[in-house]
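Keep the model open as you read.

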Amino acid sequence: MLWHMLRRRVGDEAFFAALREVFCARRFQNAGWSDFSQALTRSSGQKIEPFMAPWLERPGGPRLSLADVRRRQQGDQWLITGSVVQTPPVYPLLLPLRLETASGHFDQTLPLLGEQTSFSFLTANPPRRLLLDPDVEIFRLLPGDQLPANVNRLKGSRRLLAVTTPGCDADAASLRQLLAALGQGGVRIISEAELAGGKGRDHDLIFCGLPRDAATLFDFPPGLELGQGSFVVNNERFSAAHDLLFLVTRQRATPGRVSALLLPLAPAAVASALQKISHYGNYATLVFSGGVNRHKGRVPQQPAGAMVIFGEEEQP
């Protein structure tokens, strides 16, 4: 991503000229970042070292969000204003912004030099959406509410609990096997009663069996129906003993956290699917029949802070 950001900053001609210069000067020798920084400075006429240094010397990365975004009509045009907030430490960035309207989209590149930078767009058509870094041109760290709910969220969680409900059709050994396959073999397994006592606060959760408070623990996707001894995904009903549903959604009551549901329709469905779930990291909805994947789906994510959606009503 540093190479990509450097290329965008200096342009293709200067970028590849610098690479050729370093290759010719340092061929069959060691080269360091300073060699590339100096070559890029010469080829572009820009001081590149102040841009490169934070990326090479600091851990982590920038955290960005949109703030105070407003629109108002000025005669026959629309003015959109707002600011980009960068949580310290501040990184020097050229941030792409995109405004989408009914007639097309308009891009601008916003130099970020401090914790808050203002921007504006002027357009003849009503705005529909404002997006921060829509094509993922810069490296940045995403808060939990901007990350998609999927199996990978469970694999990367640092605060994960497994919860057994009275309707769980998997034994403790099978549940422990699933956790191990997700790289979470040391995670505690608690009962639903213990969860109700507050033990799961500010945790990602994996439920075996449907919990009583499912409506607040899950944000169920459209087309999913859970019944007694069956479930429906995308208008297809599954009711055989070897059918199993695995679902990951955001937690309605706790922004940035996810809940997962392991729902085998009978104990026989468990063993053949457990080792396969971890291989579908980018997916949120999985259905297995006798261990064979029958459905895989992602949940659309509306990233808070990275997108503003404007309503249809006009603003005076």
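This chain is a predicted model. Its mean pLDDT (the predictor's confidence in each residue, from 0 to 100) is 92, and 97% of its residues reach 70 or more. Confidence is highest in helix α2 (residues 12-26), at a mean of 98. It is lowest in helix α7 (residues 192-199), at 85. Helices (H or I, at least four residues) and strands (E, at least two) are DSSP runs, numbered from the N terminus.

Residues are numbered from 1 along each chain as its sequence is written. Local features need pLDDT of at least 70, side-chain atom pairs count only at pLDDT 80 or more, totals for chains, interfaces and linings use all residues, and side-chain values use heavy atoms, with hydrogens and water left out.

Now find helix α6 (residues 172-181). Ser174, Leu175, Leu178 and Leu179 are buried there. Buried means under 20% relative accessible area, exposed over 50%, partly exposed in between (1.4 Å probe, protein chains only). The four lie on the same side of α6 because they cover an arc of only 140° around the axis, taken from the directions from the helix axis to the C-beta atoms. An α-helix has 3.6 residues a turn, so residues three or four places apart point the same way. On the face turned away sit the exposed Ala172 and Ala173. After α6 comes Gly183, with a positive phi near 75°.

What do the buried residues of α6 pack against? Their partners include β7 (160-164), β13 (243-250) and α9 (271-277).

Turn to β13. Seven of its eight residues are buried. Strands pair if DSSP finds at least two bridges between them. β13 runs antiparallel to β15 (residues 285-289), joined by five bridges, and Asp243 stands opposite Ser289. β13 also pairs with β14, antiparallel, over seven bridges. There Leu245 stands opposite Leu263.

Methods: Contact = heavy atoms within 4.5 Å.
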